[in-house]
Amino acid sequence: MADLRVLRVPYSTNVERIALAAGHKGLTVEWIDVDPDDRRVVREASGQDLVPVLLADDDTVVTDSPRILAWIESRFPAPSLWPSDPGDAALADVFCHRFNEVWKGPPNRLAALLGPVGFETSRLSRTEARAVDDDTERLRTWLGRFEERLDGVDHLGGAAFGICDVTAYPFLRFGVDAPTPGDDDPFHRVLHERGAFDAESHPRLTAWVARVRERPRA
Ligand SMILES: N[C@@H](CCC(=O)N[C@@H](CS)C(=O)NCC(=O)O)C(=O)O
């Protein structure tokens, strides 16, 4: 029997977080594939429509990837995803909260504006076009912040791979990786087209993507 049972849909960034965390801890996962266009299984299990959903062996159901990651850490503490120093662990939590609640804002708004017009900016109103420019600039400025953060350290939380990398990698990697054929999520296209970077523009961030790509995953 697997260590974890998780509902997933294809191409999900938040599901990839769970795969990376489980890989780090050497846990096995029974993935339960759900039809993205029919969420009844997800709704019946968890009362909401989003994945990942963790079905724990004691009838516990956990939704929302940050809460699932915290649950995995509490149930399988070693090797830890959080720094052992309490202050560093608190900073890692702040990083992840900011990533989830602030960093995702610009690409989500860009996807909401660009998706419906097929990424044809000429079909946007002047106000919408200005909003697209503003959020693109924010996205690019924050890529520079990640580049600065990686000065002298291999991972976003410091020397060791951990929760900051698990939280950010599935999203930031689209700056290098094109969406997989079949992945039509406008959010992923925004990350790839508006958040693109390479070894010339962002050498440390590009090397970090390559480093985390090699991590084990469930
Ligand atoms: N805050 C949630 C967000 C979950 C979420 O947005 N999941 C996406 C897949 S990455 C989803 O199920 N989207 C609905 C859809 O694709 O229709 C988390 O971190 O798990």
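## Domain arrangement

The centres of domain 1 and domain 2, taken over C-alpha atoms, are separated by 22 Å. The model is a predicted one, and within it domain 1 covers residues 4-75 while domain 2 covers residues 86-213.

The size of an interface is often expressed as the accessible area that is lost when the parts come together. For domain 1 and domain 2 the area buried between them is about 1,100 Å², of which 64% falls on carbon and sulfur atoms. In terms of residues, 10 from domain 1 are in contact with 18 from domain 2.

## Polar links across the interface

Across the interface of domain 1 and domain 2 there is one salt bridge by the rule applied, and three residue pairs, with both members at pLDDT 80 or more, are found in polar contact. On the side of domain 1 that touches domain 2, the elements giving two or more residues are α1 (13-25) and α3 (65-75). Helix α1 gives the most to that side, with seven residues. Sorted by class, the side of domain 1 that touches domain 2 comprises five nonpolar, three polar and two charged residues.

Side chains of opposite charge can pair when their charged atoms come close. The structure as a whole holds 16 salt bridges, and one of the pairs is formed by Glu16 and Arg173, whose closest N and O atoms are 3.1 Å apart. Because Glu16 lies in helix α1 and Arg173 in the loop between α7 (163-172) and α8 (186-194), this pair ties together parts that are 157 residues apart in sequence.

## Surroundings of the ligand

The residues around the ligand are Ser12, Thr13, Asn14, Arg17, Arg39, Leu50, Val51, Pro52, Asp64, Ser65 and Pro66. At Val51, by contrast, a backbone N or O atom is involved, and it lies 2.8 Å from a nitrogen atom of the ligand.

## Backbone geometry

Most residues other than glycine have a negative phi, and most peptide bonds are trans. Against that background, the peptide bond from Val51 to Pro52 is cis, with omega near 5 degrees. Pro52 is placed in the loop between α2 (40-46) and β3 (53-55), and both Val51 and Pro52 are listed among the residues around the ligand. Asp64, which is also among the residues around the ligand, has a positive phi of about 80 degrees although it is not a glycine. The position of Asp64 is in the loop between β4 (61-63) and α3.

A further cis peptide bond runs from Ala78 to Pro79, where omega is near -10 degrees. Pro79 belongs to the loop between α3 and α4 (86-103).

Key:
Residues numbered from 1 in each chain as written. Predicted model: local features only at pLDDT ≥ 70, side-chain atom pairs only at ≥ 80, totals over all residues. Heavy atoms only, no water. Domains from an automatic or database assignment. Contact = heavy atoms within 4.5 Å. Buried area = accessible area lost by both parts, 1.4 Å probe. Salt bridge = Lys/Arg side-chain N within 4 Å of Asp/Glu carboxyl O. Polar contact = N/O pair within 3.5 Å; in protein donor to acceptor, adjacent residues only side chain to side chain. Helix = DSSP H or I, 4+ residues; strand = E, 2+ residues; numbered from the N terminus. Nonpolar A, V, L, I, M, F, W, Y, C, P; charged D, E, K, R; others polar. Near = heavy atom within 4 Å.
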